[in-house]
Amino acid sequence: MPITIPADRHYVLTNAHVPASVLGQAQSGALERVDITVADGVVTTIAPAGQAQGAHVIDLDGGIVLPAFVDLHTHLDKGHIWPRRQNPDGTWIGALKAVLEDRTANWAAQDVERRMDFALRCAYAHGTAAIRTHLDMAPPQHAISWDVFEAMRARWAGRIELQGAGLMGPDTILDPKALAAVAERTKAAGGILGGSTAVHPGNATIMRRLVETAGRLGLDIDLHTDESPDPAANALESLADAVIESGFTGSVTAGHCCSLAVQDRDVAQRVIDKVARAGIAVVSLPMCNMYLQDRSNADGVRTPRWRGVTLLNELKAAGVSVAIASDNTRDPFYAYGDLDGFEVLREGARILHFDHPQDKAFTWARSVSGDPAAIAGFGYSGDISTGQAADLVVFRARSWTELMARPQADRLVLRNGGAIDTTLPDYRELDDLMGPN
């Protein structure tokens, strides 16, 4: 049934199913049946269903309402380059080399800006309200990408709240001059200090330098850690040690943490305990990790033996703040994706097995909304509450299984109480950037 939102944005969504977890009861797996009153684009009341009063009542007949999505880990600067730079073998190292080649050849400001804007339009149409993106920082790219990011952040203000994290490899971090240049430009942009390392003999030094630099400049930290199938990877533990030993008080987020899932139980538990003690949040990237990890085609096509994701359920049980996110879209690290927060939740349920026990499944609605919003410190809360803008995503599905069974392409996206155009941009817009077909 088509839903018509009145122009004055004053209406009641009656008989709405809303997860209690996004209504202020974070640990509840219940679905609450409520009436949501919206006036001038703001949620004014949330009441038990059947109490709706107002000039315009919209009966959702049990349809589910979620808050607009928060995508904590993306790569807007890499997005949509697959047509001109595919991953030659599907591996992580193949992706790294392909992106390096494309960055060197093509990442002028106009190229990055157009692809970034295209990706943001996709995310907005799907119902996303806040995004953190990692930006490749290998000099001189750090100057180009931060300039573009600052322009995009201003352009998209009021639609998508943007944060940027400067992404450096071990060589840059271990070079004092290069690290200082990136960190200072990151500070000037109001960004977050980022980096990436997995199996490296200098991990202890790398993490100490990052934490010391962040502390000196007053920056938060968001790192790619242990994106590897090697149980010897120790970046996450090195990060936790550095945070604990230094007494660092800023926000720290670790992405990927894949090797945790292939380490011995005692080692994994030791690392998890340290991560909890250090107050490090962990974000899993289920689609990209499943796509890249345990892929080896050296001797012909081979079926992977594991899903590539970290021990997210165990981390959450240990009291670690966790979230899930998109990661890459249509680039050599992940050939698919569209920055759709619901796709992340839907695929996350399959890949990470957080759909059981069933009566707790809806607690994970927060993993793409309120929890990443809190981890990142976004102005957007990722919850549904009175006094907040009516930034909502409305589905016809009435239950967990109905919601997860389909892509929900017919969802209604409300921003400030008004229905937005959910038409997705056409890939043909980028054809001139991709070279000959």
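The expected span of a helix is 1.5 Å times one less than its number of residues. Helices (H or I, at least four residues) and strands (E, at least two) are DSSP runs, numbered from the N terminus. What I am showing is a predicted model, in which local features need pLDDT of at least 70 and side-chain atom pairs count only at pLDDT 80 or more, while totals for chains, interfaces and linings use all residues. Residues are numbered from 1 along each chain as its sequence is written, and side-chain values use heavy atoms, with hydrogens and water left out.

I start with helix α3, residues 141-155. With 15 residues at 1.5 Å a residue, α3 should span 21 Å, and its end C-alpha atoms are 21 Å apart, which agrees.

Which residues of α3 are buried? They are Gln141, His142, Ser145, Trp146, Val148, Phe149 and Met152; buried means under 20% relative accessible area, exposed over 50%, and partly exposed in between, with a 1.4 Å probe and protein chains only. These residues cover an arc of only 165 degrees around the axis, so they lie on the same side of α3. The arc is taken from the directions from the helix axis to the C-beta atoms. An α-helix has 3.6 residues a turn, so residues three or four places apart point the same way.

The cover over the buried residues of α3 includes α1 (92-106), α2 (109-126), β7 (128-136), β8 (161-167) and α5 (176-188), where contact means heavy atoms within 4.5 Å.

Next, β7. In β7, 9 of 9 residues are buried. Two strands pair if DSSP finds at least two bridges between them. β7 runs parallel to β6 (residues 69-74), joined by 4 bridges, and Phe69 stands opposite Thr128 in β7. β7 also pairs with β8 in the parallel sense, over 7 bridges; Leu135 has Gly166 in β8 as its bridge partner. Together, β7, α3 and β8 make a right-handed β-α-β unit: with the strands pointing away from the viewer, the path from the first strand over the helix to the second runs clockwise.

Last, the cysteines. How many disulfides does the structure hold? It holds 0, a disulfide being a pair of cysteine sulfur atoms within 2.5 Å. The sulfur of Cys257 is 7.5 Å from the closest cysteine sulfur, in Cys258, which is too far for a bond. Cys288 is in no disulfide either, the nearest cysteine sulfur, that of Cys258, being 8.6 Å away. Cys257 counts as buried at 1% relative accessibility, and Cys288 is buried with a relative accessible area of 1%.
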